[in-house]
Amino acid sequence: MTRRRWSLLASAVAGLAILACGGASSSSQPSPNPSPRLSGTLTVLAAASLTGAFTKIGNQFHAANAGLEVKFSFAGTPTLVTQIQQGAPADVFASADQKNMQTVVTGGFNSGAPRIFAHNKLEIAIGAGNPKHITSVSDLANPSIRVDGCAPAVPCGSYATAVLGKAGVKVTPVSQEQDVKSVLSKVSLGEADAGIVYVTDVRSAGKSVAGVQIPDDVNVTADYPIVELKSAQKQAAARAFIDYVLGSQGRKVLKSYGFITVT
């Protein structure tokens, strides 16, 4: 009996030792690998109307990823599409419309599906103080008012054409620009009396221009899609940047610049 008791006691002690070792092994297992540290330079091609908002987003993204530099190229969307088609090195493309983004997708230059991250509206940019007393889209038909605009292939140009068509107004522009910032510049310098631009552009111009609202029944909603490019050298950084734009911090910045954010 004594031998049996000692045998049972030894077995129990051995069992406890095994459990103790098992517990220690379980608690000392390494944690999952952390996300890779982003480094190098991320190149983003973005529509000119995103200049202010994306510059701020880029600064914030860099602050959160100190080893990564974010390099932007802002221009008219068709100009950026041409650069992509010609093989310009870039990681991310943000368009001011769906049509030009579709050109990139059709050409097979994208990696993954584009995602809409913001919307915009149109507004009439006028000189500070409104010297021409412009109050509506119909006033732009007055031949004494010099109206500048984007070229038809540029998103702001096609959107403006849609607005004028809805309003039943015919306008002959004094010139046609390759990006919306050029239209805004002409108005602020007094080289044009008015131009149809984005709400966000009028806001970003400060006191140099004023804005005349366009009613919703003749206005249009601009869609802004973003995508990683197949040529991306910084794939992880490209995806992280896109997620940041679509995330709460990116939406907060976009909203502060007048964009309509996407939930």
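The following legends describe close-up views of a predicted model.

**Figure 1. The disulfide of Cys-150 and Cys-156.** The structure holds 1 disulfide. In this link, the sulfur atoms of Cys-150 and Cys-156 lie 1.7 Å apart. The angle about the S-S bond is -100°, and the link is left-handed. Cys-150 and Cys-156 are both buried.

**Figure 2. The largest cavity and its lining.** The structure holds 1 cavity of 30 Å³ or more. The space in the largest cavity amounts to about 60 Å³. It is lined by 13 residues, of which Ala-47, Ala-48, Thr-77, Val-154 and Val-180 are the closest to the centre. Sorted by class, the lining consists of 9 nonpolar, 3 polar and 1 charged residues.

**Figure 3. The aromatic pair of Phe-54 and Phe-241.** Across the whole structure, 11 aromatic pairs are found. One of the pairs is formed by Phe-54 and Phe-241, with an edge-to-face arrangement. The ring centres of Phe-54 and Phe-241 are 5.8 Å apart, and the angle between their planes is 85°. Because Phe-54 belongs to helix α2 (residues 51-64) and Phe-241 to helix α8 (residues 235-246), the pair ties together parts that are 187 residues apart in sequence. Phe-54 has a relative accessible area of 0% and is therefore buried. Phe-241 is likewise buried, with a relative accessible area of 0%.

**Figure 4. The aromatic pair of Phe-117 and Tyr-224.** Phe-117 and Tyr-224 also form an edge-to-face pair, with 6.1 Å from centre to centre and 75° between the planes. Phe-117 is located in strand β4 (residues 110-127) and Tyr-224 in strand β9 (residues 221-229), so this contact ties together parts that are 107 residues apart in sequence. The relative accessible area of Phe-117 is 1%, so this residue is buried. For Tyr-224 the value is 0%, and Tyr-224 is buried as well.

**Figure 5. The aromatic cluster.** Phe-54, Phe-61, Phe-72, Phe-74, Phe-117, Tyr-159, Tyr-198, Tyr-224, Phe-241, Tyr-244 and Phe-259 form one aromatic cluster. Among its members are Phe-54 and Phe-241, which pair edge-to-face. Phe-117 and Tyr-224 also belong to the cluster, and these two residues form an edge-to-face pair.

Conventions
Residues numbered from 1 in each chain as written. Predicted model: local features only at pLDDT ≥ 70, side-chain atom pairs only at ≥ 80, totals over all residues. Heavy atoms only, no water. Disulfide = S-S within 2.5 Å. Buried < 20%, exposed > 50% of the residue type's maximum accessible area, 1.4 Å probe, protein only. 1 Å grid on protein atoms, 1.4 Å probe; cavity = no way out; pocket = protein on both sides within 12 Å on 5 of 7 lines; lining within 4 Å. Points joined across faces, edges and corners; volume = space filled by probe spheres on them. Nonpolar A, V, L, I, M, F, W, Y, C, P; charged D, E, K, R; others polar. Phe/Tyr/Trp six-rings, centres within 6.5 Å; stacked < 30°, edge-to-face > 60°. Helix = DSSP H or I, 4+ residues; strand = E, 2+ residues; numbered from the N terminus.
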